Amino acid sequence: MPSIRQDVSADFLPDFRNLGVLARVLVGVNALVLAAVVLPSSNASLAADRFLYSATLVEPLLIAALLALAALSSVLARLPYWPGCAAVLAIVLALTAAMHAVLAGALGEAATDLARPLALSALATALMLAYFRLLVRAYSPALAEARLQALQSRIRPHFLFNSLNAVLSLVRRDPRRAERALEDLADLFRTLMGDARRFVRLADEIALLERYAGIEQLRLGERLRITWELDAAPSDALLPPLVLQPLLENAVYHGVEPGTGSADVLVRIERRGDRVRALIENPITEEVGHRAGNHMALENIRERLALFFDAEARIRTSSEGGRFRVEIEMPYRVDARKAA
């Protein structure tokens, strides 16, 4: 397995369609304006008046810039990081110049002092881009990848050994099925050792789920019964890799293996408007000790959802009627290059 690289690049532009990104920009720019007018002033009343006046000038430009960046987000996403930053800066400066000309015309003045608003807009844009870059580094893709690799290494030895033993038992009586099982196992581990910093298509993640389920079915036989509800699943949706497979693995490990009889696992994935929802449900067993480690996978997935989708994705767990449920909800995103 390749070593974990510690210089993982965090250089990618924020998604300006993301509500979390928009909220951070609104709060951040207004905080900069507030700091600019309050710090030099010792009079609170005068500082408040200056802030209100500055806000009336800044807010229209800020809203226009956010709308433009959101509209062009798919285009910006195709650019390398630094050209993308330059494009964002150019958009903001162009809007600043246009807004300045409109205000100057409305006030009946010549659009003379353009250098100062351009400089302030450039500074605010640079600070916000730097903030988002530091924010991603705070989540630390290198650390996130290391944690993901740690999670991946938790593919339990008994799963591997039992799977290989099950394949060996098929080699003579059903060699074709044994070959398919080995191919599925190879695909599973190839995915586990892949790049964890890139979006994958939901269709690929579902294919991984099915391969994993096939291997577990080989091991557990009739004890494992999976109901697939995938008719409404948007195959072109993008999501972080290995979000669903660890949840299905947990469902099997904690909800099927401890028991002696058959157990039903439900996998439901669907699109509702601009959201993608995934539900994995399994029986609750009485062997609590067997459930150790369940929260590690959930926390890892929660962190990666936050890294990829900010505040727009969430994961919930619940227990009801002897069933344990994990629900993931995330925004419906597609590959901008293929959608264009």
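Guide: A definition to begin with: a salt bridge is a side-chain nitrogen of Lys or Arg within 4 Å of a carboxyl oxygen of Asp or Glu. Arg325 forms one with Glu281, where the closest N and O atoms are 2.8 Å apart.

Visitor: What sort of model is this, and how are residues numbered?

Guide: This is a predicted model, in which local features need pLDDT of at least 70 and side-chain atom pairs count only at pLDDT 80 or more, while totals for chains, interfaces and linings use all residues. Residues are numbered from 1 along each chain as its sequence is written, and side-chain values use heavy atoms, with hydrogens and water left out.

Visitor: Back to Arg325 and Glu281. Which strands do they lie in?

Guide: Arg325 lies in strand β7 and Glu281 in strand β5, so the pair ties together parts that are 44 residues apart in sequence. Helices (H or I, at least four residues) and strands (E, at least two) are DSSP runs, numbered from the N terminus.

Visitor: How many salt bridges does the structure hold?

Guide: It holds 17. One of them is between Glu329 and Arg275, at 3.0 Å from N to O. Glu329 is in strand β7 (residues 323-331) and Arg275 in strand β5 (residues 275-283), so this pair ties together parts that are 54 residues apart in sequence.

Visitor: Glu329, buried or exposed?

Guide: Buried, with a relative accessible area of 4%. The cut-offs are under 20% relative accessible area for buried, over 50% for exposed, and partly exposed in between (1.4 Å probe, protein chains only). Arg275 counts as buried too, at 15%. In the other pair, Glu281 is buried at 11%, whereas Arg325 is partly exposed at 23%.

Visitor: What else does Arg325 meet in a salt bridge?

Guide: Glu327, with 3.9 Å from N to O. Glu327 is partly exposed, at 25% relative accessible area. Elsewhere, salt bridges with shared partners join Asp15, Arg17, Glu312 and Arg333 into one network.

Visitor: Switching to rings. How many aromatic pairs does the structure hold?

Guide: Four. Among them, Tyr131 and Phe132 have ring centres 5.3 Å apart and planes at 65 degrees, so that pair is edge-to-face. Rings of Phe, Tyr and Trp (its six-membered ring) pair if their centres lie within 6.5 Å; planes under 30 degrees apart are stacked, over 60 edge-to-face, and the rest tilted. Phe132 is buried at 6%, and Tyr131 is partly exposed at 33%.

Visitor: And what about Phe199 and Phe308?

Guide: They form an edge-to-face pair, 4.9 Å centre to centre with 70 degrees between the planes. Phe199 lies in the loop between α8 (175-192) and β1 (200-201) and Phe308 in helix α11 (residues 294-309), so the pair ties together parts that are 109 residues apart in sequence. Phe199 is partly exposed at 37%, while Phe308 counts as buried at 19%. Ring pairs link Phe199, Phe308 and Phe309 into a cluster.

Visitor: Which non-glycine residues have a positive phi?

Guide: Leu242 is one, at about 55 degrees, and Asp310 is another, at about 60 degrees. Most residues other than glycine have a negative phi. Leu242 sits in the loop between β3 (238-239) and α10 and is buried, at 4%. Asp310 is in the loop between α11 and β6 (314-320), and at 15% it counts as buried.

Visitor: You mentioned α10. How many of its residues are buried?

Guide: Eleven of its eleven residues, 245-255. The buried residues include Leu247, Glu249 and His254.
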